[in-house]
Amino acid sequence: MHIAFRVEGNSQIGLGHLMRCLALAQHGVQKGYQISFLMTSLSYEQALNRSDWVGEVSLLENAQNELDELERFCLRNKVDVLILDGYQFTCAYRCELAKILKAQSVLFVAIDDNNDLGRLYADCIINPNSHASSLNYHQTESYAHCCLGDSFRILRGEFHLTPKQQSEAIRLDNRSALTIILGGADTTNLSYELAAKFSDALPRIPINVITGGAFPHATQLSKFADETINVTHWHNAQQVSDIFLVSRLVISAGGATQYELQALYTPAMLLVVADNQFQACMQSHNTGKAVALDTRNGMESCDIVKQGLSLWHDEMKLKAIMNANATQANINGADNIFSAVIKLKSSLGK
């Protein structure tokens, strides 16, 4: 089976969509599927920076004729399933793409977060967020097969713990570090501000700052880390699970990283910086899997640090978060997605 992904990830839009497609692609390669990515050159630069990249990349050179390029690619390469992920794809784009794929009997899968983009026109909709079942897809996409909620969560292989790792991960006394990870781009350089303030407040605590390949302030942050004894900067880190597993608390952007942290039972304070993050973060907050701060209207870094320090010293709260994640985390999402896609493709005769 040939699965193609149409997705982007760069310093302007972040890396979240690209990373979850990569995670799904990695599982697909393990199953023996042929994997392709269709993206522009900016996103291809991010792919080149990753040692864990899988799949062939086909560059889309002409934005004006992108749908024509997709049509030719699917026909020439005998694509069976096309997976679309990104907020930038308009309703009109998805409508035309659906027509193209239907004519070639290609299954159209859309990965979505909040059902707020208009009609998706997909044969199958994937929303791995815990609140997905409350978003009324049965009304807006009545003909689509829906894979909704925790059981369709997409995680890279490094976040699948062995039984021995599970027994170690649930112990708070195995965790001594504070970690800051604010997405693949963090254009405002909040990572630097938080690292400086937490370092002053916790001078004897190891502080990790993880930044993605699209982070534009790496030189400044690395210089600060080199000059600060308890701060380590991990730029474009390919494997982060080992860092999360030794973290007593992680200050994280409110995207899909929260699910990686939950799979490792790691306590987190989630910073909601965009509307599309709010529902998922509040679901994690309300179920005890994390603490969420709504920073969409602005919040001073000193206030974030104050609340972070309060949580850092609250051993009872940290243990409660770990226990909630240990009993509720779901890591089999990719297998469930592929099973659903294969079954649907067969039932539709595509």
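This is a predicted model: local features need pLDDT of at least 70, side-chain atom pairs count only at pLDDT 80 or more; totals for chains, interfaces and linings use all residues.
Me: Let's start with two helices, H1 and H14. What makes H1 roughly perpendicular to H14?

Reply: The angle between them. Helix H1 covers residues 16–30 and helix H14 covers residues 333–348, and they pack at an angle of about 70°. Angles of 65 to 115 degrees count as roughly perpendicular, so H1 is roughly perpendicular to H14. Their axes are 10 Å apart.

Me: Why give both an angle and a distance?

Reply: Because two packed helices are described by the angle between their axes and the distance between the axes.

Me: Which residues make the contact between H1 and H14?

Reply: On the H1 side, Leu24, His27 and Gly28, and on the H14 side, Ala334, Ile337 and Phe338. Sorted by class, that contact has four nonpolar and two polar residues, with no charged ones.

Me: On to Glu260. Why is Glu260 called buried?

Reply: Its relative accessibility is 13%. Buried means under 20%, so Glu260 counts as buried. Glu260 sits in helix H10, residues 257–263.

Me: What is Glu260 in contact with, leaving aside neighbours within four places in sequence?

Reply: Leu155, Arg156, Phe159 and Phe244. Contact here means heavy atoms within 4.5 Å.

Me: And Ser199, how do you know that it is buried or exposed?

Reply: Ser199 has 7% relative accessibility, and the cut-off for buried is under 20%, so Ser199 counts as buried. You'll find Ser199 in helix H7, residues 190–201. Not counting residues up to four places away in sequence, Ser199 touches Ile207, Thr228, Asn230 and Val231.

Me: How far is Ser199 from Phe215, C-alpha to C-alpha?

Reply: They are separated by 21 Å, and along the chain they are 16 residues apart.

Me: Now the holes. What makes a space a cavity rather than a pocket?

Reply: In a cavity, a 1.4 Å probe fits but cannot get out, while a pocket is open. There are three cavities of 30 Å³ or more in this model.

Me: What lines the largest cavity?

Reply: The largest cavity has a volume of about 80 Å³. It has 13 lining residues, and the closest to its centre are Leu84, Gly86, Ile111, Asp112 and Leu117. H1, strand S4 (81–85) and strand S5 (107–111) each supply at least two residues of that lining. By class, the lining of the largest cavity has six nonpolar, two polar and five charged residues.

Me: And which residues line the second largest cavity?

Reply: Leu15, Leu18, Met19, Gln46, Asn49, Arg50, Gly213 and Asn236. The second largest cavity has a volume of about 50 Å³. Its lining has three nonpolar, four polar and one charged residues.

Methods
Residues are numbered from 1 along each chain as its sequence is written. Side-chain values use heavy atoms; hydrogens and water are left out. Axes are lines fitted to C-alpha atoms, for helices over the stretch in contact, and angles run from 0 to 180 degrees between N-to-C directions. Helices (H or I, at least four residues) and strands (E, at least two) are DSSP runs, numbered from the N terminus. Angles under 35 degrees count as roughly parallel, over 145 as roughly antiparallel, 65 to 115 as roughly perpendicular and the rest as oblique. Ala, Val, Leu, Ile, Met, Phe, Trp, Tyr, Cys and Pro count as nonpolar, Asp, Glu, Lys and Arg as charged, and the others, Gly among them, as polar. Buried means under 20% relative accessible area, exposed over 50%, partly exposed in between (1.4 Å probe, protein chains only). On a 1 Å grid over the protein atoms alone, a cavity is a set of points where a 1.4 Å probe fits but cannot get out, and a pocket is an open set with protein on both sides within 12 Å along at least five of seven lines; lining residues have an atom within 4 Å of a point. Grid points are joined across faces, edges and corners, and a volume is the space filled by probe spheres set on the points.
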